[in-house]
Amino acid sequence: MQIANSYDYQSNPATKDTPWIRRIFITIAVLFMVIMLVFPLLAVFYEAFKGGWELYLASLVEPEALQAIKLTLITAAIVLPINMVMGVAIAWLVTRYHFKGKQLVTTLLDLPFSVSPVVAGLMFVLLFGLNSTIGGWLEGMGIQIIYAVPGIVLATLFVTFPFVARELIPLMQTQGDSEEQAALTLGATGWQTFWHVTLPNIKWALLYGLILTNARAMGEFGAVSVVSGHIRGETNTMPLLVEIAYNDYNFTAAFALSSLLAALALVTLLVQQVMTKLQDRKFAKSERLVSAPELPVSANATIPNRAE
């Protein structure tokens, strides 16, 4: 759902900027993005392909690289559905219920944004490490969290879980619950209301949140670095292996993996742009249907005889 902007800043003579001011602002913005974003990205791809396609592909098919790619994709595949379910549940809780501590829940939702990922990883080490009560008990049962895949998944969950909820909460607050109330009044069950009313209304925001979650999950470094243990061939994700390869002066492998991460990020942005275009097109179509004038009916118009 989008809200059309009814005020055009540049159309009002009182607030319209002069052409030279617009050119300066545009030039500064473009130069900043080119220097900070485009040039570094081009440098990564240049270094990755500098040795040729054969060396580039050879760096990606090494056993350690394949294991890192596999672990990164597995982590993202586990994190995404959990974040989707929990994000929708938290957004529903915050926007549809009034309870004591609601502000606290909203504040805690922003905790991963304010806490350093390294600190988050350290918290899980202190909680599930071998020297902790919980970690020792789990280790006695044969379950290892830290320096294993479960610890990587937990750290990634911590740094990514606010994205879906933060995309849904403003939208659901704007939409309100009138449509859900109408569906319940007409006899729909709670699940029917969710699947046929709520979910179609929030699907675009949900997809945006999942895209952001996926991008952060595949690129997370700080929290995963603390809980992984950097075990070669086992607990190194792609960002961790980039650092290891760079420190080992294996620049081709480091830049090859970096370019793969950058390519995944670009694909994510492309998918987001396509979704935005589809949403804008759908919104424009609905606006045209709403604003379309009704055809006048003449008083002398005759109703055709269906028997003829």
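## Surface and burial

Accessible areas here come from the Shrake-Rupley method with a 1.4 Å probe, and for residues only the protein chains shown count as cover. By that method the chain exposes about 19,500 Å². Carbon and sulfur atoms supply 68% of this area. The model is predicted: local features need pLDDT of at least 70, side-chain atom pairs count only at pLDDT 80 or more, and totals for chains, interfaces and linings use all residues. Residues are numbered from 1 along each chain as its sequence is written, and side-chain values use heavy atoms, with hydrogens and water left out.

The chain has 308 residues, and 32% of them count as buried. Buried means under 20% relative accessible area, exposed means over 50%, and partly exposed lies in between (1.4 Å probe, protein chains only).

## Fold

The chain has 14 helices and zero strands. Helices (H or I, at least four residues) and strands (E, at least two) are DSSP runs, numbered from the N terminus.

## Helix H1

Helix H1 covers residues 19–49. Leu42 has its place there and is exposed, with a relative accessible area of 51%. Leu42 also belongs to a nonpolar surface patch of about 1,100 Å². Other members include Ile26, Phe32, Met36 and Phe39. Patch residues have over 30% relative accessible area and no salt bridge; like charges are joined within 9 Å, nonpolar side chains (Val, Leu, Ile, Met, Phe, Trp, Tyr) within 5 Å. A salt bridge is a side-chain nitrogen of Lys or Arg within 4 Å of a carboxyl oxygen of Asp or Glu.

Glu47 is also placed in helix H1. Glu47 is partly exposed, at 27% relative accessibility. Glu47 and Ala256 are 209 residues apart in sequence, yet 8.0 Å apart in space, C-alpha to C-alpha.

## Aromatic rings

Rings of Phe, Tyr and Trp (its six-membered ring) pair if their centres lie within 6.5 Å; planes under 30 degrees apart count as stacked, over 60 as edge-to-face and the rest as tilted. The count comes to ten aromatic pairs. In one, Phe49 and Tyr56 have ring centres 4.3 Å apart and planes at 25 degrees, so the pair is stacked. Phe49 is partly exposed at 28% relative accessible area, whereas Tyr56 is buried at 8%. Together with Trp53, they form one aromatic cluster.

Arg96 lies over the face of Trp92, at 5.5 Å from the ring centre. The rule asks for NZ of Lys or CZ of Arg within 6 Å of the ring centre and within 35 degrees of the ring normal.
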